[in-house]
Amino acid sequence: MDPSSCPFCHLEVPSSELEWHANSHFEVEDEDEQLAARDLEFAQQLALAPSSPPSSSMNSQAIGDLPISRCDAQISMEDKVSCLIALQTRTTFYEIEHGLMALLRDCLESERGNTTSIVSGYIDHFQSIPSEDVGWGCGWRNIQMLSSHLLMQRHEAREVLFGGWGFVPDIPSLQRWLEIAWEKGFDELGSDHFANNIYGSKKWIGTTECAALFRSFGLRARIVDFGPKELESFYPLLPGSSLGKEVKRIHNGGKRKAIQVCGPMDRYLLARNHDVSQASSSGDEKSGCSSIRLGDSLGSKSNENLGNKFTRNSKGHQVLIDWIWNYFSDKNFTKSGNRQVVVSDKTPLYFQHDGHSRTVVGIQVKHQHNGMQQHNLLILDPGHRTADLERSLKQKVGWQKFIKRGVHTLKKPQYQLCYIDTGIANREEVELLKTIESVFLEF
């Protein structure tokens, strides 16, 4: 029987199996929902369990005994940081031979059809481990993925991250680094939400914790929020806005409220109006709400053209897709093999929605014969086994189901992204970075 080409992944399959194979691409929606539901169930169970240091190959007791908490006022911050640098432990993970992104680029280059893919450079995949963090650790795993990129691709980041040791710490060490960030004054509302203590906790974290941790090293971590007009009432700090209007706001996020929270995005949905400060729409700096151009926050100019490139007539979740495309294509490219795949110097994106978080490592556009464009996000999920991901990429079979996500899979009402701008903040800018802000874009 003659083989037929799949219209989605272009894999040749027997004609009798084509319909079944094509339909399987839409099963990723159910798979994503199942992963989020599984994590939510685990998180609800773990919320009722007593906190204890997560198991790890590191000396957890040594890290646990660090005098990090605010009550240890007699110990200087410098001593606390020095102690953590000495005791932090390199995380263990499954290393992919020849590198994950090299395998992904090879697969993208081998695809047929008129496509263009833009991807980040180096990154390692960190999977959630059943005996350690399944059900609650996706946020930490995405921080590890971002860290692996920064340590390999950005010399200035490598010098400051985690004491300059050049490796990705395990989760308990990262938890202590976040406590250090809080004690330094980064994201005070987030610190209050966790009672200034995250070590040994199995509570979920999100983009604000990711941003606070990286900002504490002087890195310019930025947050972008996406949401529909129907949920405009949940953003009381925002003035009235039309499609694509960009505003800056302080990330209160309902963190002061003593409410049981099962996922980081719930902070936007639970009694938010009780926790936000009163702010006018005049753009006064003290109100925490002012109109800005996309990416032009805290004096950064590296993304100043991104707002101008934004497609303002996009509809629905296409706004998110357009922003990600413009983000990766905004800076310099490095050609990879052929013109189908280019490598961006941008960092991967911490990608958060209600119930789960993943890492966006690129985006692909397929130019169809009718003139339309079909986009796919290229995503690494901590819920997937790295070995399975490696096998599918090496064999060039089934890798699309692990990595590609089309617009039709974006079903959540809200999304958040965190990215890292280039450079290291000076002392004055670091003080500004202590307040977590975001750009909001309306679906």
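Start by selecting aspartate 421, which counts as buried at 3% relative accessibility. Here buried means under 20% relative accessible area, exposed means over 50%, and partly exposed falls in between, using a 1.4 Å probe and protein chains only. Before going further, note that this is a predicted model, in which local features need pLDDT of at least 70, side-chain atom pairs count only at pLDDT 80 or more, and totals for chains, interfaces and linings use all residues. Residues are numbered from 1 along each chain as its sequence is written, and side-chain values use heavy atoms, with hydrogens and water left out.

**Stop 1**

A salt bridge is a side-chain nitrogen of Lys or Arg within 4 Å of a carboxyl oxygen of Asp or Glu. Arginine 222 sits in strand β4 (residues 219-227) and aspartate 421 in strand β13 (residues 415-424), so the pair ties together parts that are 199 residues apart in sequence. Helices (H or I, at least four residues) and strands (E, at least two) are DSSP runs, numbered from the N terminus. Arginine 222 is buried too, with a relative accessible area of 2%. A search of the whole structure finds 13 salt bridges.

**Stop 2: helix α13**

Next, select residues 386-395, helix α13, where arginine 391 and aspartate 388 both lie, three residues apart, about one turn of the helix. Their side chains form a salt bridge at 3.0 Å, N to O. Arginine 391 is partly exposed at 43% relative accessibility, and aspartate 388 is partly exposed at 21%.

Lysine 394 is partly exposed, with a relative accessible area of 40%, whereas glutamate 390 is buried at 8%.

Which residues of α13 are buried? They are Thr386, Ala387, Leu389, Glu390, Ser392 and Leu393. To see what covers them, show α5 (100-110), β11 (373-380) and α14 (399-403), which are included in that cover. Just after α13, look at lysine 396, which takes a positive phi of about 55°.

**Stop 3: helix α8 and its neighbours**

Move on to helix α8 (residues 171-183) and helix α4 (residues 77-87), which pack at an angle of about 165° with their axes 11 Å apart. Axes are lines fitted to C-alpha atoms, for helices over the stretch in contact, and angles run from 0 to 180 degrees between N-to-C directions. The two helices are therefore roughly antiparallel, a label for angles over 145 degrees, while under 35 counts as roughly parallel, 65 to 115 as roughly perpendicular and the rest as oblique. For the contact (heavy atoms within 4.5 Å), select Met77, Lys80, Val81, Leu84 and Ile85 of α4 and Ser173, Arg176, Trp177, Ile180 and Glu183 of α8.

Finally, bring in helix α10 (residues 207-215), whose axis comes within 9 Å of that of α8 and crosses at roughly 75°. α8 and α10 are therefore roughly perpendicular to each other. Their contact is made by Leu174, Trp177, Leu178, Ala181 and Trp182 of α8 and Glu209, Ala212 and Leu213 of α10.
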